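The exercises that follow are meant to be worked with the sequence and the model open side by side. Each one sets a task and then goes through a solution step by step.

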Amino acid sequence: PHKHDPKDTRDRDKTESKKQKTLQRMSGEAKTVEKPKNHVAVCLDGSEYSKFVVEWCAEHIFPWAGKVTLLHAYSFAPVTFIPGPSLAYSADAIEKSNKAFEQAAIRKGSELLKNYAKESAKLGRKPEELKLIQSEPYLSIKAAILDFTENTKPDFLVCGSRGMGTMGRMLIGSVSDYLMHNCKCSVLIVKEREPKCPKMA
């Protein structure tokens, strides 16, 4: 009878081990390739409608996004004089007042982004970045958003179709048209769902 050679067994084991390592390496490489890398920036304005935008993105966009940025543009209306009995025109007083207005707008915008981030996390996706950008009076809203996309180069910019806040003005009319025609990235406009018709008696 043919005698079993232990060397043959060891060779086979080594060959099998090499195959397994090769398969594991290939599997790891495949997982790396399949990992999503798309950067999605979502514009939010503080209106009730923005909550719907977050919910819609959580269902349709966030699952395949590699990076999610929640974006809000803050603005404030600067004063040029301080009304009073003598209509004081002190440059220092005006500058101090405008700085206070801007800081208040920044605090409000930061709080909005934090609340939207919490809502997004509840829906299954914690955003990787919260971005607060300057708009009026320094830049128009459309220019501020365009600058953001040119500097950060997201793959997609998501906006709502309407809104009531300051940034809501970018969600309708000429501003959304401007973004769609001038942004180098793709722009996605999320439309509000139509209300369901009541059942007839």
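## Overall make-up

In this predicted model, buried residues make up 32% of the 201 residues in the protein chain.

**Exercise 1.** Describe the order of the helices and strands along the protein chain, and state what share of the contacts with a separation of 6 or more links residues 24 or more positions apart.

*Solution.* Begin with the inventory, which gives five helices and five strands in the protein chain. Next, read the elements from the N terminus on, where they run α-β-α-β-α-β-α-β-α-β. Finally, turn to the contacts with a separation of 6 or more, of which 74% are between residues 24 or more positions apart.

**Exercise 2.** Classify the geometry of the ring pair formed by tryptophan 64 and phenylalanine 156, and determine which parts of the chain the pair ties together.

*Solution.* A search of the whole structure finds three aromatic pairs. For the pair of tryptophan 64 and phenylalanine 156, the ring centres are 5.4 Å apart and the planes stand at 75°, so the pair is edge-to-face, given that planes over 60 degrees apart fall into that class. Then locate the two residues: tryptophan 64 lies in the loop between α2 (48-60) and β2 (67-74), whereas phenylalanine 156 belongs to strand β4 (residues 156-160), so the pair ties together parts that are 92 residues apart in sequence.

**Exercise 3.** Characterise the packing of α2 with helix α3 (residues 91-122), and work out the make-up of their contact.

*Solution.* Start from the axes, which are 10 Å apart, with the two helices packing at an angle of about 35°. The crossing of α2 and α3 is right-handed. On the α2 side the contact involves Ser50, Lys51, Val54 and Glu55, which meet Tyr116, Glu119 and Ser120 in α3.

**Exercise 4.** Is glutamate 95 buried, exposed or partly exposed, and how far apart are the C-alpha atoms of glutamate 95 and threonine 80?

*Solution.* Glutamate 95 is found in helix α3, and its relative accessible area of 43% makes this residue partly exposed. The C-alpha atoms of glutamate 95 and threonine 80 are separated by 9.0 Å, although the two residues are 15 residues apart along the chain.

How values were computed: Residues numbered from 1 in each chain as written. Predicted model: local features only at pLDDT ≥ 70, side-chain atom pairs only at ≥ 80, totals over all residues. Heavy atoms only, no water. Phe/Tyr/Trp six-rings, centres within 6.5 Å; stacked < 30°, edge-to-face > 60°. Helix = DSSP H or I, 4+ residues; strand = E, 2+ residues; numbered from the N terminus. Axes fitted to C-alpha atoms, helices over the stretch in contact; angles between N-to-C directions. Left-handed = near helix turned anticlockwise from the far one by under 90°. Contact = heavy atoms within 4.5 Å. Nonpolar A, V, L, I, M, F, W, Y, C, P; charged D, E, K, R; others polar. Buried < 20%, exposed > 50% of the residue type's maximum accessible area, 1.4 Å probe, protein only.
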